[in-house]
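Here is a short report on salt bridges. Look at the sequence and the 3D view first, then read on.

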Amino acid sequence: MTELAGVLTSRLQALWGTAVEVTAVRPLPGGASRESWDVRVRTEGGTERRLILLRDAGGRIRPPARNIAVEAAAMTTARAAGVPVAELYDHGEGALGRAYLLMERLDGETIPRRLLRDDAYAAARPGLARRLGEVLARIHQIDPDRLPGLPYVDALGQLTELYQGFAEPRPALEIGLRWLRQHQPPPVADTLVHGDFRTGNLMVGADGLRGVLDWELTHRGDPRQDLGWLCTKAWRFGSASPVGGFGPRADLMAGYAAGGGTPPDEETQRWWELYGTVRWALLCRGQAERYLSGAEPSVELAVLGRRVCEQEYDILLALGHATPLTVKDPLEDREYPPVRPHDRPSGPELLRAVRDFLATEVGVTDPVLKFHARVAANALRIAEREALLAAGHEPAHRKRLAALGCHDDAELCARIRDGSLDHRFEDVAEAVTAAAVDKLTVANPAHLALHP
């Protein structure tokens, strides 16, 4: 951190043309794709300023389509157009060792569970859905031709390419992708698309929206992607309100229309919300691959791989193949008899002790360490449930496949894709749903009870 503070001092002095003292550089939690740093500086006149540094994580190779200059230009252009965006001071590829953005720090909160539950934001919540619609309309009115190098994204083509790239058969995703292909709405004119407009990337204060964050995925494409992504179930964080957990779709669309946008019809919005669910499944799998490949030894990335089944179940819910159900966590109120000749605490009891230690005692004064400790505690719960249930789940899965005349998931996926099991599609959906329930019973039983 001392070295980073020194580099920042030199860079800010060059930018501002005055003496600058970096008084603190502190890592912030969250963000699977890059590091976030809270930077505090004092200028020559004694003025205190707070900045945010976003920098690519060490060892991460930035995809060719992700251009830091394009991201910076999108932020600057959006701010000039009246979108609430932090003032950008600097960006580049080499001055700080990796691709980075250096900007003002906005006051407010981004953590979804606080925004959706804390009394501090109770007054702001009712107006957020409409306000977000107004802001999206303003973003979508920016001419994408003003941003040289802005990549074009074929939304459905991108998903298909991502899925095929994993070469990993997933019947629920096959069902979702097939439905998307069969029901794709007619295209509309390209606009600037934020690409990750959702709860968690919105800075909110007690008075409402204060900033739109994380323009890393900005591109040229269909503006309805942003509307669908904001309403994707994953970004409601357990709330029944579809617009990021804040409010109804009607408010979002009213704000979008008031801002000059053309709201999509109900069926088109439904398509883009399902698209968002399939997309998040594939992005989770992609994040996990960074861990599985050995490129990044991150417990956060590892656990994201076990969130794919949440989205698989949500696809099945959205298409009417599944219904919410309550499943008791198999680890709750469980007694573990001693295994002789071993002593107590037993193995599972020791795991519970470690889980509790990670969840309650680690990182009390370090928010980054605290966040990763909680993720690690969740990873232990998943591993323990799997050890407890996998022996029964595996033969049940083989039996379901055999009943469909399939040897494995790869064959089932191929037959969903070519339509050769269409005459038994109810049986297919039932088998795929049962597999998703088994996976979620291990990964996150509480997710099964959430309504679409």
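## A pair at strand β9

Arginine 220 is partly exposed, with a relative accessible area of 24%. This is a predicted model. Aspartate 190 is the salt-bridge partner of arginine 220, and their closest N and O atoms are 3.5 Å apart. Arginine 220 sits in strand β9, while aspartate 190 lies in the loop between α6 (171-182) and β6 (191-193), so the bridge ties together parts that are 30 residues apart in sequence. Aspartate 190 is partly exposed too, at 34% relative accessible area.

## Two pairs at strand β2

Arginine 34 and aspartate 214 form a salt bridge, with 3.5 Å between the closest N and O atoms. The pair links distant parts of the chain, 180 residues apart. Arginine 34 belongs to strand β2 (residues 34-43), and aspartate 214 to the loop between β8 (208-212) and β9 (219-221). Buried means under 20% relative accessible area. Arginine 34 has 6%, so it is buried. Aspartate 214 has 22%, so it counts as partly exposed.

Aspartate 38 pairs with arginine 105 in a salt bridge, the closest N and O atoms being 3.3 Å apart. Aspartate 38 is in strand β2 and arginine 105 in the loop between β5 (100-104) and α3 (112-117), so parts 67 residues apart in sequence are tied together. Aspartate 38 is buried, at 1% relative accessible area. Arginine 105 is partly exposed, at 27%.

## The wider picture

How many salt bridges does the structure hold? There are 42. Some residues join up in a network of salt bridges: Glu168, Arg170, Arg285, Glu289, Glu312 and Lys439.

Terms used. Residues numbered from 1 in each chain as written. Predicted model: local features only at pLDDT ≥ 70, side-chain atom pairs only at ≥ 80, totals over all residues. Heavy atoms only, no water. Salt bridge = Lys/Arg side-chain N within 4 Å of Asp/Glu carboxyl O. Helix = DSSP H or I, 4+ residues; strand = E, 2+ residues; numbered from the N terminus. Buried < 20%, exposed > 50% of the residue type's maximum accessible area, 1.4 Å probe, protein only.
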